[in-house]
Amino acid sequence: MSYRTIAVVGAGFSGSLLAAQIARRSAKARVLLIERSGVFGRGLAYGTTCPAHLLNVRSGRMSAFPDDPGHFVDWLKANRPEFADPQGFAPRMIYGDYVQAILAAAGDGVERITGEVVRVEPTTAGVSLLLADGTALEADYAVLAIGNPPPDDAGGKGLGDSERYFADPWAPGQLDRVGERDDVLLLGAGLTMIDVVLALVEQGWKGRALALSRRGLLPRPHDPVQAVTVARQPEASDLLGMMREVRTRMREVGWAEAMDEIRPFNQLAWRSATEAERGRFLRHLRPWWDVHRHRTASEVGQRISDLVDKARLRVAAGRILMVEPVDDGLMIEWRPRGEARARNETFGWMVNCTGPLSDLARSKDRLLSAMFEDGVARVDGASLGLDVEPDCRVQDRDGDPHSRLFAMGPPTKSAFWEVVAVPEIRVQAKEIAERVLD
Ligand SMILES: Cc1cc2nc3c(=O)[nH]c(=O)nc-3n(C[C@H](O)[C@H](O)[C@H](O)COP(=O)(O)OP(=O)(O)OC[C@H]3O[C@@H](n4cnc5c(N)ncnc54)[C@H](O)[C@@H]3O)c2cc1C
């Protein structure tokens, strides 16, 4: 029997699901699933150990398999019945258990390799991969499921390795150092900020926090019960026209429904937009889009507004001008948006919650740097991710697609825009599995 070998780089949701899809489809395929952290099936989102970190998509929409929409809820009924409400938002760590169970069920067809891929080299017969420890691997196909790069550190104002500044909000254990009554400055007001606040509250923190971002917009919460939404094809065929229509629809049916009814058409609108239109969307509409589109669980929204009501969390639009280490903390000079006068405030700690670095060209990731240097890949025109074909094949330095190298999940945002959450990634996993086995 001749085996086809597929190397999958990264074992978060994307890589794990792809491996499972391949194993489900063919007993003649061998998947090399390569993960640098040594933890398979969780990735950044589902690797949290904080029970207050909930999914931000209802359980009823979180099946890993597009052709079996009830799969996650059925798994919950069998394994964690207390969370089996399809309208509910289960803890993210339980979703990680679910992905790990799917991976375990994929069986021997998936070989787990702990290591960091630092180079990929497409050849005419396949793809060669090099791991950081010097191991070389050969595969017929390779798929990059490497997730988002770590956050941009620009907000740190050169704080570098100050022990009072947490440049990576996800680094395990660091929040333990925040004292019960310490005040915290959170750079950014999006979903990462909310995760950090919830983790602090979970550990018994009773201090106060200022969440500072350019616009001071908080992610909107989901309604406790989802309305039944019928997909509605927008009349406009261009991205910006479609956004104008959404704003009009918001006044008619509310923002949540207006966003939900166009979701099936988002990828298409993005794909047909010109580079200039994409640029205008990103410059002017992205912050607005992000807070409406990427919502929090309703109970998370409630916890955040309780903290705001109690003045334990302030959310402000503004910009940091200067940060200076002082005794037991950091003195921050910041200017509220639209005001001429700056303010000085002292915080015990500062946490970078600005979200993943969006321009991959500035990433220090060894694999990405090697791929750009070797001309194996290039960054797309809007600097959102890798330049990929509609079928997810990676384009080289000249824009020519490799035949055997694919990418999926967040690095393909450039081509699809809406491809960072489970409902879209699961479709990508199924389609790429079909392509590499075809
Ligand atoms: C905090 C958070 C919460 C989220 N919540 C939800 C939610 O509730 N619902 C939803 O639908 N979506 C959610 N998302 C979106 C989420 O991005 C996707 O659901 C999905 O988890 C993305 O998975 P991924 O495998 O592409 O990336 P990741 O989870 O980042 O996994 C990438 C993996 O690749 C590994 N890796 C990277 N480079 C290499 C290399 N060179 N060699 C070897 N291994 C490598 C990394 O170690 C990592 O494990 C959330 C995202 C975040 C960040």
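This report describes the domains, sheets, helices and selected residues of a predicted model.

## Domains

The domain assignment divides the protein chain into three parts. Domain 1 covers residues 4–150 together with 358–437, domain 2 covers 154–220 together with 296–352, and domain 3 covers 239–293.

The centres of domain 2 and domain 3, taken over C-alpha atoms, are separated by 29 Å. Contact between these two domains involves six residues of domain 2 and four residues of domain 3. On the side of domain 2 that touches domain 3, three residues are nonpolar, one is polar and two are charged.

## The six-stranded sheet

Six strands make up an open sheet, and their order is β3-β2-β1-β7-β16-β15. The pairing in this sheet is mixed. Strands β3 (110–114) and β15 (393–395) stand at the edges; each has a single partner strand, so one side of each is left without a neighbour in the sheet. From one strand to the next, the twist averages 35°.

Strand β2 comprises residues 29–35 and runs parallel to β3, to which five bridges join it. In this pairing, E35 is placed opposite T114 of β3. Helix α1, formed by residues 13–25, packs on the sheet and touches β1 (4–9), β2, β3 and β7 (141–144). The direction of α1 makes about 170° with that of β2.

Strand β2 also pairs with β1, in the parallel sense and over six bridges. Here T5 stands opposite R30 of β2. Of the seven residues of β2, five are buried, so this strand is largely enclosed by the rest of the structure.

## Helix α4

Helix α4 consists of 14 residues, 92–105. From its first C-alpha to its last it reaches 20 Å, close to the 20 Å expected at 1.5 Å a residue. The residue G107 follows α4 and has a positive phi, near 75°.

The buried residues of this helix are R92, I94, Y95, G96, Y98, V99, I102 and L103. An α-helix has 3.6 residues a turn, so residues three or four places apart point the same way.

## The seven-stranded sheet

A further open sheet contains seven strands in the order β8-β14-β9-β10-β11-β12-β13, and its pairing is mixed. At its edges are β8 (165–166) and β13 (343–347), each of which pairs on one side only.

Strand β9 (residues 184–187) and strand β10 (residues 209–213) run parallel and are joined by four bridges. Within this pair, L186 is found opposite A211 of β10. Helix α5, residues 191–202, lies across β9, β10, β11 (313–326) and β14 (349–352). The helix runs at about 155° to β9.

## Selected residues in helices and loops

T248 belongs to helix α6, which spans residues 239–253. This residue counts as exposed because it has 10 C-beta neighbours inside 10 Å. T248 and A258 are ten residues apart in sequence, and their C-alpha atoms are 8.7 Å apart in space.

D328 is located in the loop between β11 and β12 (329–336), whereas C392 lies in the loop between α10 (366–374) and β15. D328 is exposed, with 10 other C-beta atoms within 10 Å. C392, with 24 C-beta neighbours inside 10 Å, counts as buried.

S383 is also placed in the loop between α10 and β15. Its 14 C-beta neighbours inside 10 Å make S383 count as partly exposed. When neighbours within four places in sequence are left aside, S383 is in contact with S358, D359 and A361. S383 and G115 are 268 residues apart in sequence and 28 Å apart in space, C-alpha to C-alpha.

Methods:
Residues are numbered from 1 along each chain as its sequence is written. This is a predicted model: local features need pLDDT of at least 70, side-chain atom pairs count only at pLDDT 80 or more; totals for chains, interfaces and linings use all residues. Two strands pair if DSSP finds at least two bridges between them. Helices (H or I, at least four residues) and strands (E, at least two) are DSSP runs, numbered from the N terminus. Axes are lines fitted to C-alpha atoms, for helices over the stretch in contact, and angles run from 0 to 180 degrees between N-to-C directions. Two residues are in contact if their C-beta atoms, placed from the backbone, lie within 7 Å. Domain bounds come from an automatic or database domain assignment. Ala, Val, Leu, Ile, Met, Phe, Trp, Tyr, Cys and Pro count as nonpolar, Asp, Glu, Lys and Arg as charged, and the others, Gly among them, as polar. The expected span of a helix is 1.5 Å times one less than its number of residues. A residue is buried if 20 or more other C-beta atoms lie within 10 Å of its own, exposed if 12 or fewer, and partly exposed in between; C-beta atoms are placed from the backbone.
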